[in-house]
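Q: I am new to this structure. Could you walk me through how to read its features?

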Amino acid sequence: METGTLVLVHLHSPKEKYWGLLRALSPAGVTVRGIDVALFDDWARQYRAGVDPELGVATLFLPLHRVEKMFEDSRVGTVAAYHERFLDMVGRDVREVLGEETARPGGPQQQEVPWPSSSGS
């Protein structure tokens, strides 16, 4: 799978499922910008309602030893993919919303934290 692919990641110990945008895949693990599958519908509904978001996506590093399987977010028969469900519920492309959440003031942002120096104090 390539970075930028929408994925579902199933974890074990404990069992969890995440949906999101694949940011990186390495021998150490998987980095996903996403949300717990159990919260997906509530997260999507807040965009349909046009209210200030209370739920947001996060950038998660999932260690490879916890990853049971990873699927591309795609339609299976008559079952819609999560990105299709979002489009049906909200009328917008989910990638557009993921980009907005990353850039939103006061939203989840990654900041560089200075490392304490060891040059004696």
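Q: How many aromatic pairs does the structure hold?
A: This is a predicted model, and it holds 8 aromatic pairs. One of them joins Phe40 and Phe86, with 6.5 Å from centre to centre and 65° between the planes, an edge-to-face arrangement.

Q: Which parts of the chain does that pair link?
A: Distant ones: Phe40 belongs to helix H1 (residues 40–49) and Phe86 to helix H2 (residues 82–90), 46 residues apart.

Q: Are Phe40 and Phe86 buried or exposed?
A: Residues under 20% relative accessible area count as buried. Phe40 has 0% relative accessibility, so Phe40 is buried. Phe86 is also at 0% and therefore buried.

Q: Why is the pair of Trp43 and Phe86 called tilted?
A: Planes under 30 degrees apart count as stacked, over 60 as edge-to-face and the rest as tilted. The ring planes of Trp43 and Phe86 stand at 35°, with centres 5.3 Å apart, so this pair is tilted. Because Trp43 sits in helix H1 and Phe86 in helix H2, the pair ties together parts 43 residues apart in sequence. Trp43 is buried as well, at 0% relative accessibility.

Q: Which residues do ring pairs link into a cluster?
A: The cluster consists of Trp19, Phe40, Trp43, Tyr47, Tyr82 and Phe86.

Q: And how do I read the sheet?
A: Strands of a sheet pair through backbone hydrogen bonds, either parallel or antiparallel. Here an open sheet of 5 strands runs in the order S4-S3-S2-S1-S5, with antiparallel pairing. At its edges are strand S4 (58–63) and strand S5 (67–72), each pairing on one side only.

Q: How many bridges join strand S2 and strand S3?
A: Strand S2 (residues 16–25) and strand S3 (residues 29–36) pair over 7 bridges, in the antiparallel sense. Tyr18, for instance, has Asp36 in S3 as its bridge partner.

Definitions and conventions. Residues numbered from 1 in each chain as written. Predicted model: local features only at pLDDT ≥ 70, side-chain atom pairs only at ≥ 80, totals over all residues. Heavy atoms only, no water. Pairing = 2+ DSSP bridges. Helix = DSSP H or I, 4+ residues; strand = E, 2+ residues; numbered from the N terminus. Phe/Tyr/Trp six-rings, centres within 6.5 Å; stacked < 30°, edge-to-face > 60°. Buried < 20%, exposed > 50% of the residue type's maximum accessible area, 1.4 Å probe, protein only.
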